[in-house]
Amino acid sequence: MRFLVSIIVVFHFTLLVKAQQPCTQSVAGRILSASGPLSGADVIITSVSKGSATNDHGDFVIRDLCPGEYVLEVRFVGFETRVITVVVPQSKPVELVMSPESKNLNEVIVQEKLEQVDRSANYAVLSGTQLQETAGKSLGESLKALPGVSTIQAGPGIFKPVIHGVHSQRVLILNHGIRQEGQQWGAEHAPEIDPFIASSIVVVKDAAAIKYGTDALGGVIVVNPAPLPEKAGMGGSVNTILQSNGRSGAVSGMLEGGVKNFEGWGWRVQGTAKRSGDFHARDYSLTNTGIKEFDFSAAAGYHAEKFGADVFFSHFQTELGILRGTAISNLNDLETAMETEPPIGTTNFSYAINHPKQQVAHNLLKINSHWERPGGEWHVQYGYQSNFRKEYDIRRGGLSELPSIDLELRTHTLEAEFETTNAKGQQFCFGLNGMYQDNRNVPGTQRIPFIPNYTAISGGPFAVGKFPIGQWTLDVGTRYDLRSYDVVGFDFSNTLYTANLLFHNVSASAGMSRKFGQKHQVKLNLSSAWRPPHVAELYSLGTHQSAAAIEYGLLLNDSTNRVMDISEVPFKVEQALKAVATYQYTTERIQVEATVYSNTIFNFIYLQPRGVTTNIRGTYPYFRYTQTDALFAGLDAEMDYNLSSRISLTAKVSLLSATDIRHDDYLVFIPSNRFETGFRFSSSSKRFFVQPKVSFVARQFRAPRVITIGEFNDAIENGTDPLGGSSKNFDFMEAPPGYMLAGLAIGYEWLVGQGKFDARLAAENLFNNAYREYTNRLRYYADDIGRNVSFSLKYTF
Amino acid sequence: MKIFIHTSSSRFQFLLIWIALVILSVGCSKDDPKKEDTPELITKATLTFTPTGGGTAVVVSATDPDGEGVQNIAVDGAIDLVMGTQYVLTIDLLNTLVTAGQPGYSITEEVEEEGDEHMIFFSWTGDVFQVPSGNGNIDNRGDAVDYVDLDGNSRPVGLITTWTASSSVAAGTFRVLLKHQPDLKTDTSGSAVGETDLDLTFTINVN
């Protein structure tokens, strides 16, 4: 640590010396709001990375400038960012009146292609400071900061984002404008995206993301990069994060620039390396939960007034250990594993990643282009993704070195769209998307594949429009999609089967938004979306990593296991009807946003517990993919209250109720209600802050019945049905009690010559509580992680 | 969608053609998947009690008709032992989805070879044995079971064991539990350690 500090200090001085230039001019001015001076606003000249904050009178000065023309950027939370040009030396001080922010489109625009979220869409954004706060965390864990978003976990390193209670196949992730296609069907398969590539992450909580195709029943996560530079010059950043829990370190660097004498050309390279050892609960080490990750990306583009094109490539690669104590076989093993604490196989801290583990790699190549033509603008985008997933279990016969699951998924996507605006200010967009996907089991696992090989082709046209109607803005959209599957797999007896499936349907959405005066805004959205079933939901066969349960697909016969034709079962595609309403209240002092939603998913596909089966290894509960109707309803609210220019209070609430409305039952692994509140104390310069935080997660009372393994075994011994003849959902363990966690973050930023340093010291689970989270699969076996102290340092130049 | 055709530029068409070519070249390399061997699966377990003094062996087996499928295993009868007789029990494990003689058919060999990470535990009810006495070592590793085979570390494996039936009429159950304990098997590691490879319970009678 002392070493690190001395490096920083040396660095600091070097840059100070470098900054000694004969430029002595300054820019001064005053920043106001409608009600008077605005103190604490950031005034930045990005081209030379200099800045200042306004004082209590709203005044600022930026010194040591050379004569010339500068672009001044003024930012303040809750206000629209303003950009003005000043000439140095100044003829008169700058005076600028800021207007309160209406959370509008601007935040969500991705470089050339407008990855635009409709005005009436209900969404949340993670960017700037908030994104920096999550530096070093995985994508799923980062998104937990947003109201309405939670995660399902498979240990301390594997997080899947959950939007309004739904996840996996029902949440669409757009990475740089391309639908992320991995093996997202698995609850322990986290998104293969390095969050450091994002300058903002937007979570759209409406169901129909009309432009991107099917599946977005819960919402869409949009991972946006910053626009590429267009002018000569070079910039970049280095981010280092050290964490006590897991003794982890992460380094991420980015370098970008324009090309001299080639106006409009820009490039960026970026890379992240992360290493973590075993995480630690309060009382014991979580053996074999280490992480090894390495990612890089490169982008280049050309942007002129009427034409632009970008090429982007990214590689993501991770190795994740899965808690040793979860390596279990049958029901009795599960019982032992649940009862043993610390978990079986717990050893001292280590960086080693042994079996069971996952190795995942994901590549993305994207080419996109746009042309402005008379009458409108064209966008074309092509993406190629390859995803490699290997899952290793503890196996007999020297087979541990072979993956039990070894899948290669290759996906091509192609999109074209045309955008136009007429004289009445009505906007239209028409387009077409297509996808070709090939999933292949790499031979050599020495096990009947869990999911079959398949080829999927899908696509469809869409049309969206935006109409100003008086005070209201109306957004409407519709699309038609088709998906075909060509499936080849092996059944329980290792006999080949094939199938051809075709699904098609229509999605539609309508939204309205309106401002009432300067302070109030209302958004209403109604959408209907559908989702073709995933091959895994139809044909899964076998036991999956760390789950002492056998899973059967929808098309496997109940008694003979024969693979059936889809016409033999009463299958219907999943369809969602989601209504979302948001109210925003925005003033200088208070910003409030509240969203209520109701999402009815008809023919909802989920794994239903069906009974127990015995094989030579013992007794197993088995689950079968089934359909029902589910209702997800809830409320998210967030409030920011500026008590003074230096103290602000934040509060967040996420409430959710999820029920199986066909059987009047609860669903398993639904996030419970959660609350978070925190203060932020800043110095008058806004360079220094202290941020204490408390979050409370309630116990999940809306959980299915509990059948303990003891009860299971008693029933089996007595020859009775452990499920009591009922196919109601169940869980092996009571939902864990609610818990409260405290956190504290301290940050300081300072400018050094051309650059800016951002240092942050944070503690999560400050009081080192032992707790378990209901949506973490690890909860059956071990406590969640204990106190984590992290230090991060970011240098931007 | 007419709009597309009218205004599409040559650059746009070029891009489309190029992408179509990429898809064709990558997408057409498809062939039927290869059948996997499934050496881990145990579909049949046979227990053979051979009287040490000669005579007919008592043979019982448990068969799994469908591997990972939903159907339960079938046991072909009870273990019927003769009072006061000493037996050698050998356990034979097969994967009948693999052709006889092929690698992966005999799981017994694998367990033997990896003896240092496998152990078979036993338990029984009804005092059906004179020797060893007690109820077996599933509840407590230290309890008596007469192992014959040992692994490379001189620890018991359990594919071969000896038993003497009770001297009086008795009846109960007999449970065989094979645990896989890679890096976990020690002199004291019990039946709770490791993953279960085999867990069978038979009816046992002594007459």
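Two residues count as in contact if their C-beta atoms, placed from the backbone, lie within 7 Å. On that basis, the contact takes 53 residues from chain A and 48 residues from chain B. The side of chain A that touches chain B has 24 nonpolar, 21 polar and eight charged residues; here Ala, Val, Leu, Ile, Met, Phe, Trp, Tyr, Cys and Pro are nonpolar, Asp, Glu, Lys and Arg are charged, and the others, Gly among them, are polar.

A word on what you are looking at: this is a predicted model, in which local features need pLDDT of at least 70 and side-chain atom pairs count only at pLDDT 80 or more, while totals for chains, interfaces and linings use all residues. Residues are numbered from 1 along each chain as its sequence is written, with chains lettered from A and ligands numbered from 1 in the order in which they are written.

Now to the sheet. Helices (H or I, at least four residues) and strands (E, at least two) are DSSP runs numbered from the N terminus, and two strands pair if DSSP finds at least two bridges between them. In chain A, four strands make an open antiparallel sheet in the order β4-β3-β6-β7. Its edges are β4 (50-53) and β7 (82-88) of chain A; each has a single partner strand, so one side of each is left without a neighbour in the sheet. Further in, β3 (residues 42-45) and β6 (residues 68-75) of chain A pair in the antiparallel sense over three bridges, and I44(A) has E73(A) in β6(A) as its bridge partner.

The loop between β5 (59-65) and β6 of chain A holds P67(A). Leaving out residues up to four places away in sequence, P67(A) touches Q25(A), V88(A) and P89(A).

N332(A) is buried, having 21 other C-beta atoms within 10 Å. Beyond residues up to four places away in sequence, N332(A) touches G618(A), T196(B) and D199(B). N332(A) and G618(A) are 286 residues apart in sequence, yet 8.1 Å apart C-alpha to C-alpha. The buried residues of α4(A), including L331(A) and M338(A), pack against β35 (618-642) and α6 (709-718) of chain A together with β11 (195-206) of chain B.

Definitions and conventions: Buried ≥ 20, exposed ≤ 12 C-beta atoms within 10 Å, placed from the backbone.
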